[in-house]
Amino acid sequence: MKVFGMSFKERLKHIDPILFICMAFLSFVSVMTIFGAAENFGRSKLIMQIAMTLAGMVALFIVSNVDYRFFIDRFSLIMLLVSAILLTVTLIFGSTGENMETANRSWLRIPLVNIAIQPSEFVKITFVCTFAKHIEQVKEKINHPKSLLGLALHAGLIVGLILLSGDLGVSLVYVGMIAFMLYFAGLSGWYFLGVASLCVVSFPFLWELLRTDQQNRIIYGFQPELDPEGVGMQALMSRDAIASGGFFGRGLMSGGIYEELPASHTDFIFSTICEKFGFLGGALVVLALCVMVVRLLWIAVTSRDFVGRLICGGIAAIIILQTVENLWMCLAVVPVVGITLPFLSAGGSSVFALYFLMGLAHSVYAHEKKFFFRRER
């Protein structure tokens, strides 16, 4: 059978086996966890997770067989404009979280099909492409203030719109992704040091601008024991759920603390996994995520294409930042913010967007030979 002018078997060679095994394993754990808690989470979440996983795998295969440079070189400006418009529409008409377990105006409901999507998850796809292209255009003068000003405006437009929606967790992921891509592009370490110093110096002044309740949420976020019945309750319940699983877990169909834990199918899915599958299950999940990151970084550093290198570096940053934020949140180490665990948290937008992003990484991996032969000639 021919697919895109090549046999299906030849096209399958564009799929990196290490990345695919990690993704398939994480998705399998996610579906099984939601299946084991379907009485608590609801059958609709199980169906959605399976559907988006399968749709994501199809998208992965299609995108991996497309030349990413063809679209990025021609449509990067259009992608940036569409991203800004989509986030603006979400900011104006988006959901404030009614019946959706969030207070952020970050969800957009599609009327005809009555499905809510999270546009900021899909904008990750366009942003990693447009920002990589922008960096390539100024890479010879990456450390020049004028170049950095243009990049700052580019990044600030997207991150600013997401911050205005109230989604701090996703905003932090974008900021980390931007820093990671700039580091990969060769930005001087003095700039990073300068920004870090500015944050430290300005923190006391910014702290005074916060209301008392906002200050308490931050303090109790780092020390949830100070408010175990209020702000700290969710984080402490999450930690207790992880501990209750022991080494081997309480079993797939078992109940537990996760049944009373808010967002135990999304932001706190890791706690549910550990309670059902124990330390062993949690460790295997972390191992799979680590292997995925290492593989992405290997593809990035060995890529001969500058944009491809930045794309893979940006995707690796997304996986790293979301994983670290989510796990620390589940362990009650940092304040609770809305952030999903890659490929594991229930959520159609997050799952599909991540598979699409991994399709881009596979496209970089698949087209390395083409760039090699071009240079050989």
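**A buried asparagine and its setting**

Modeller: Asn-326 counts as buried because its relative accessibility is 0%; buried means under 20% relative accessible area, exposed over 50%, and partly exposed in between, with a 1.4 Å probe and protein chains only. This is a predicted model, in which local features need pLDDT of at least 70, side-chain atom pairs count only at pLDDT 80 or more, and totals for chains, interfaces and linings use all residues. Residues are numbered from 1 along each chain as its sequence is written, and side-chain values use heavy atoms, with hydrogens and water left out.

Asn-326 sits in helix α13. Helices (H or I, at least four residues) and strands (E, at least two) are DSSP runs, numbered from the N terminus. Once neighbours within four places in sequence are set aside, Asn-326 has contacts with Asp-267, Phe-270, Ile-339, Thr-340 and Leu-341. Contact here means heavy atoms within 4.5 Å.

Helix α13 covers residues 306-330, and the loop from there to α14 (348-366) holds Ala-332. The phi of Ala-332 is positive, about 60°, although this residue is not a glycine. Ala-332 is also buried, since its relative accessible area is 6%. Ala-263 belongs to the loop between α11 (233-244) and α12 (269-302). With a relative accessibility of 15%, Ala-263 is buried.

Now the cysteines. Searching the whole structure gives zero disulfides, where a disulfide is a pair of cysteine sulfur atoms within 2.5 Å. Cys-312 is in no disulfide, and the nearest cysteine sulfur, which belongs to Cys-129, is 11 Å away. Cys-312 is buried, at a relative accessible area of 0%. Cys-199, in contrast, is partly exposed, because its relative accessibility is 47%.

Ile-15 lies in the loop between α1 (8-12) and α2 (17-36). Its relative accessibility is 15%, so Ile-15 counts as buried. Ile-15 and Ala-361 are 346 residues apart along the chain, yet 9.7 Å separates their C-alpha atoms. Residues up to four places away in sequence not counted, Ile-15 touches Phe-20, Leu-60, Phe-61, Ser-64, His-362 and Tyr-365. Across the protein chain, 72% of the contacts with a separation of 6 or more are between residues 24 or more positions apart.

Finally, the whole chain. The protein chain contains 15 helices and four strands. Its radius of gyration is 21 Å, close to the 21 Å given by the globule rule for 377 residues, so the chain is as compact as a globular protein of that length. That radius is taken over C-alpha atoms, and the globule rule is 2.2 Å times the number of residues to the power 0.38. Along the principal axes, the C-alpha atoms fill a box of roughly 65 × 55 × 45 Å. Of the 377 residues in the protein chain, 49% are buried; Asn-326, at 0% relative accessibility, is one of the buried residues.
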